[in-house]
Amino acid sequence: MSTQTTEKGKRPVGRPRKNYTTKSKGRLAVSDDQQVGHLNIKPHGQARNELEERINDLGDSWETESLFEDIIDDITDDKFFNDDDAVSQEEAVHYRQQLRAVGPKEFCRVTVDSGTITVKKLLTAFGIRPPEYLDGMPDDSYYGLLTLALSRELAKRAKLVQYNTIDDAVYLLKKSRNIVVLTGAGISTSLGIPDFRSKETGLYSKLEKLGLGINDPQEVFNIDIFRDDPTIFYSVAKDILPDTKGLYSPTHAFIAQLQRMGKLLTNYSQNIDNIEANAGIDPEKLVQCHGSFATATCQKCGHQVQGDEIFADIKAGHIPRCTKCVSAQRGTGSMKRKRSYNKSTSKRSRRRSSDDDDDDNGQYDLPSAGVMKPDITFFGEELPDRFTQRLIKHDRDLVDLVVVIGTSLKVAPVSEVVPYLPPHIPQIYISRTPVTHINFDIDLLGDCDVVVAELCRRAGWDLNHDMVDPNQIVEARLQDGYTSRHVFTAGGQST
């Protein structure tokens with residue numbers, strides 16, 4: 001069985017389905033439908049070697065996981081069950097701790113092999129409710145799922161048990177001096193910018209309904225497809241073009257506040273809207289992991305311009321062309337008037353390459369005028385060198401707190417930032433919904449703006465922002481079955 005991976009340092013291109021199936025002990029056949037990208041690793045000291053080993057190990061573990069990936073995502077519930085067919089919350093915590101203490105071989109010997117608990121019931125300790133079609137099957141039919149459950153649990157960073165409450169989160173924010181903040185689309189949605197993966201309102205969901213002639217909406221951001229036919233990207237680019245007129249969200253203001261207080265080490269942003277600039281985040285402390293619309297580059301000659309120079313073309317639905325290439329053609333006299341087309345004998349194809357001879361303004365043939373592309377990192381492109389350089393050479397040894405806000409951490413290699421940082425460093429997660437593939441120390445669930453505003457209030461910090469009501473009441477409750485997961489809800493106003 002061969003492992004499929006992307007080139008290191010590139011965003012993975014789609015999720016190609018492999019053609020083989022594998023059977024578990026319970027004769028459960030499933031197709032592998034998971035591919036993981038890797039960080040761009042180049043030899044540089046021990047830290048880089050450690051990272052390379054970790055990523056290589058990760059690839060092997062995901063190859064095993066992928067055998068049941070399609071099923072496990074549907075039957076995993078990151079909460080404790082409350083019925084006779086499941087272990088209790090206390091038992092679940094005990095089993096998870098026992099697994100880490102004795103290792104998987106001894107763990108299986110003293111649990112399922114000794115007959116003290118069935119495999120089916122033990123699965124619930126790891127948040128897995130077996131599928132109904134396995135009901136009535138022998139207990140060994142569940143071994144494949146148990147193997148995956150144990151592998152996933154052991155691959156996770158162990159939670160730091162001393163940090164659980166909202167007050168603990170406030171304490172960590174106040175005492176820390178080198179905070180790494182990793183942000184995603186969730187911190188910009190309050191400004192009307194859609195995220196990517198929400199089922200109804202996300203960008204990919206909307207693109208899927210447009211009939212763009214592509215297999216997957218993510219292909220809009222596929223570099224090979226862009227080079228073959230830039231019209232696909234530019235047919236939707238005006239809808240994702242940031243038009244915030246200098247605005248930024250309270251969460252952006254929170255990150256800027258950390259910076260003003262001398263607490264921000266680095267903000268790793270997955271967003272392409274460049275709103276961090278509006279909030280005043282220092283470029284030296286900002287890593288735009290997926291690039292942004294701030295600049296654009298000619299795909300032919302490499303000429304770079306400020307992003308707003310091509311905004312007018314994007315908004316008009318045109319493919320922006322390189323002005324340097326155009327000027328060069330005018331200087332040599334090779335620019336020609338556009339040919340007229342005989343509608344009865346010639347039709348223009350919708351699909352055009354980035355070297356198409358015709359410009360979109362209908363005036364000239366531009367045989368050498370390159371297509372301008374915003375400097376956002378498409379799937380299949382290298383991430384900025386600054387990403388790995390900052391992470392490995394700078395942040396790993398200095399960070400004293402990790403705060404993840406508004407991202408599900410599903411896109412490699414940015415998803416590997418948090419697991420790569422030292423496991424003894426506290427980690428806080430802020431978003432609407434929890435993640436199951438990383439053990440954060442404290443989960444703060446709710447609207448990002450609401451959560452950070454409440455944290456600032458409890459810390460005694462002034463978060464001055466027009467979207468933050470100083471009299472707003474925020475209710476925070478501990479989610480049932482958890483000791484470190486809190487749900488925030490914005491209520492009325494105090495009197």
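Good morning, colleagues. Please keep in mind that this is a predicted model.

I begin with helix α3, which runs over residues 89-102 and has 14 residues. From its first C-alpha to its last, α3 reaches 20 Å, close to the 20 Å expected at 1.5 Å a residue. Which residues of α3 are buried? They are Ala92, Tyr95, Arg96 and Leu99. Seen down the axis of α3, these buried residues fall within an arc of 95°, so they line one face of the helix. The face turned away from that buried side carries Glu90 and Ala101, which are exposed. As for what covers the buried residues of α3, this includes α4 (104-110), α5 (119-123) and α6 (143-155). Just after α3 comes Gly103, with a positive phi of about 90°.

I turn now to the nonpolar cores. The largest has 38 residues, and those with the most contacts inside it are Phe254, Ile430, Leu444 and Leu455. Several elements each supply at least two residues of this core, among them the helices α7 (166-175) and α12 (250-260) and the strands β3 (179-183) and β11 (401-405). Which element gives the most to this core? That is α18, with eight residues.

Let us look at Ile430 in particular. Leaving aside residues up to four places away in sequence, Ile430 touches Val403, Val404, Ile405, Gly406, Leu444, Cys448, Val451, Val452 and Leu455.

Thank you for your attention.

Notes
Residues numbered from 1 in each chain as written. Predicted model: local features only at pLDDT ≥ 70, side-chain atom pairs only at ≥ 80, totals over all residues. Heavy atoms only, no water. Helix = DSSP H or I, 4+ residues; strand = E, 2+ residues; numbered from the N terminus. Expected span 1.5 Å × (residues − 1). Buried < 20%, exposed > 50% of the residue type's maximum accessible area, 1.4 Å probe, protein only. Arc of directions from axis to C-beta. Contact = heavy atoms within 4.5 Å. Core = buried A, V, L, I, M, F, W, Y, C linked by side-chain atoms within 4.5 Å.
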